[in-house]
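The following exercises are meant to be worked through with the sequence and the three-dimensional structure side by side. Try each task before reading its solution.

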Amino acid sequence: MEQIFGFKKEDLTSWQNLVTLLNRPTDPASLGIFRCLFGLLMAIDITQERGLSHLDYKYLDGAPVCRFPLFNFLQPLPMDWMYLVYAVMFLGALGIMLGCFYRLSCLMFISTYWYIFFLDKTAWNNHSYLYGLIGFQLTLMDGNRYWSVDGLRRPSIRNAHVPLWNYTLLRTQIFIVYFIAGIKKLDADWVEGYSMSYLAHHWLFDPFKTILPVELVSLLVVHGGGLMLDLSAGYLLFFDATRPYAFFFVSYFHCMNSQLFSIGMFSYTMLATSPLFCYTDWPRRFFSHFPSFLKSVLPFTSPESQTSTSCVYPEGQSTSSERQETPAVARVSKLRFKHKLGAFFTILYIAEQFFMPYSHFITQGYNNWTNGLYGYSWDMMVHSRSHQHVKITYKDGITGEIGYLNPGVFTQSKRWKDHGDMLKQYATCLHQFLPRYNVSDPEIYFDIWVSINERFQQRIFDPRVDIVKAEWSPFKPNPWLMPLLVDLSPWRTKFQEIEGSLDNQTEIVFIADFPGLHLENFVSEDLGNTSIHVLQGQVSVEIVEEKKNHTLQPGEQIQVPAGAYHKVYTVSEGPSCYMYIYVNTTEAALQENFTKLFELQERVRNGTETEPLPPELQPLMAAEDGEAEVNATDPIVRLFLKRQRRMKEVKKRREAGVLERFERFAVKKYYTIRRGFLMTAIAMRNLAVGLPPLEQLTREVAFANMKEPQAEANQDERLKDEVGHGEL
């Protein structure tokens, strides 16, 4: 048992033996290297995912903005002070990396990190939660005993042992992240391949698609592979015999995730945690292979460590470190209060971390369909959502006047559409802002349609309820949260059959609605041949202009006019299911024109085109020239040339070599980090000496906003494309 698990059965037979085990002296090397890597990654993360590089856009100092803090009393500080908060957090991360004033640095980092974390629920996710947990754990650990500035300042702690519970906490935390994520993936939607089916179309899975159809790549590789890796990674990393295989698969997995998702430093942080499962002296063996002239800057390679009062040493054991110890650091062979406290905290923390992902019986309705504080559940990527329709209606409480708001007004976030607690905060915020625009005591109603894991589009909130006055509590079910129609899940197999029978120009939307409710819809003039087909239940379709109602049974359909409103009422006792089938005639015509232009361009290049080109088509002959699209007078030709250039740029990026990709990555990160530091410097100057003249401040911000020439050109082109599409 000791050979396999690292401890004896007797170590678990009593509380005293368990405390002794958890405080067993352990090599500090692996913990010190992880501390350094974690601090480095967090310093990089602060400029990116934490938002330092775009802090002024994130908080919009002084603007009317709806915010979503965890606790309603939490509010951001004035802009310059927020930059100071981020500067303290960055210095804390830097101190953790260097092991300089370690405990103070940890406190600086976690206090500001959790403040930022609680300040904005829209940025809440599993890996941000994990960073905060690891930062909290490191605060309580002796992470500065190896390769640290503190070790240079205080020889008594340099290269000193750390208690085993330091490693136990971190290893268990990472095991929980993997294993609980795997348990959450035992959900039927994941096992059946509905959660992340779109990922199989990514270019990263092209090697698998050479031997498997895309449907099997999604089911077996994306979903099956993800499930098996999460369930087994923690175990495979723990045991010596399987660790090399675990390193390969885990590293491959996280490298893929870094390309598939915009998750900042998470993939690299998880890669940095993998060596924690190795023998704790691995850095000594690793760095011993480096040339001797580098030893002055590299970590210790000597196998001996100093004794530490944080550990409990077995009586009667004599080591070379004992002979070298000083009176200031005597061997401890008896249990002290801090040893018992460390063991108690370890057990309590691990139990709490296993409990939290399954605590949703306390926070009612907080997970999956009506997400709330889901960040501690480790249900990563288990659910994908698509929104078909979002409508916000306000009603003047005095005049009764009804109006509509642009979805997302007064906020930069989109996540309020899926969360009952955020919706309540948003409605309360709108209730406060609308009186500025002559809307007195407004009532706010939301009609939001969501599809989760390729199900029917359905309402998530009751559109008849004024959310301003509606009660909300995290500890009891809320009646205005509509239930997920899980009984209709088997229809997804039928969806695939129906979609497979349609041509490429025909699109389809599947709708499910509750009895007593209706959908009001407007069919754009671009959408020709739009029809409603009833799949289940009974509906009544009202054509508003014609003032006619048509009752439809399952299997029946009706054509609805373009450029007009219609309403679909659910009149059956149970939910109704129906689908819209339509053709985007404008898009179809555009694609047809593009095809003709491409064929003409090929004939011109091959010399098989005998007729002279009219003036509006002559830019096709100079398509390689960037000025061609600018000189194109025909809007279709101009869009065609822009589309060709974009496709060429995408192909060039995908075929770029490693050095070119790295250069592009490094330049982008440089300008991102540069802006964060320059804006922080401006804010610190403002706090110290006050605001400068407006002209000077404008020049300074413009200098901070400077981007690489290529990025500025691309930004201009995106703007031109948007204008072009608008004109079309």
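## The annotated domain

The UniProt annotation "domain: HTTM-like", which comes from an unreviewed entry, covers residues 23-282; UniProt positions are given in the numbering used here, feature names are shortened, and annotations may be inferred rather than shown by experiment. This is a predicted model, in which local features need pLDDT of at least 70 and side-chain atom pairs count only at pLDDT 80 or more, while totals for chains, interfaces and linings use all residues. Residues are numbered from 1 along each chain as its sequence is written, and side-chain values use heavy atoms, with hydrogens and water left out.

**Exercise 1.** Describe the secondary structure over residues 23-282.

Solution. Helices (H or I, at least four residues) and strands (E, at least two) are DSSP runs, numbered from the N terminus. Over residues 23-282, the chain is 63% helix and 2% strand.

## Strand β5

**Exercise 2.** Work out which strands pair with β5, and how they run.

Solution. Two strands pair if DSSP finds at least two bridges between them. Strand β3 (residues 385-395) is joined to β5 by ten bridges, and the two run antiparallel; within this pairing, Lys-391 stands opposite Asp-447 of β5. Strand β6 (residues 458-459) is joined to β5 by two bridges, again antiparallel, and Arg-459 in β6 is the bridge partner of Trp-449. Five residues separate β5 and β6 in a hairpin, where Asn-453 in the turn has a positive phi of about 55°.

**Exercise 3.** Is strand β5 enclosed or exposed?

Solution. Buried means under 20% relative accessible area, exposed over 50%, and partly exposed in between (1.4 Å probe, protein chains only). Ten of the ten residues of β5 (residues 443-452) are buried, so the strand is largely enclosed by the rest of the structure. Both faces are covered, with residues including Tyr-445 and Trp-449 buried on one side and residues including Phe-446 and Val-450 buried on the other.

## Cysteines

**Exercise 4.** Which cysteines form a disulfide?

Solution. A disulfide is a pair of cysteine sulfur atoms within 2.5 Å, and a search of the whole structure finds one. Cys-66 and Cys-429 form it, with their sulfur atoms 2.0 Å apart, and the link is left-handed, with -90° about the S-S bond. Cys-66 lies in the loop between α4 (55-59) and α5 (79-98) and Cys-429 in helix α18 (residues 420-433), so the pair ties together parts that are 363 residues apart in sequence. Cys-66 is buried at 3% relative accessibility, as is Cys-429 at 9%. Cys-255 is in no disulfide, the nearest cysteine sulfur, that of Cys-278, being 16 Å away.
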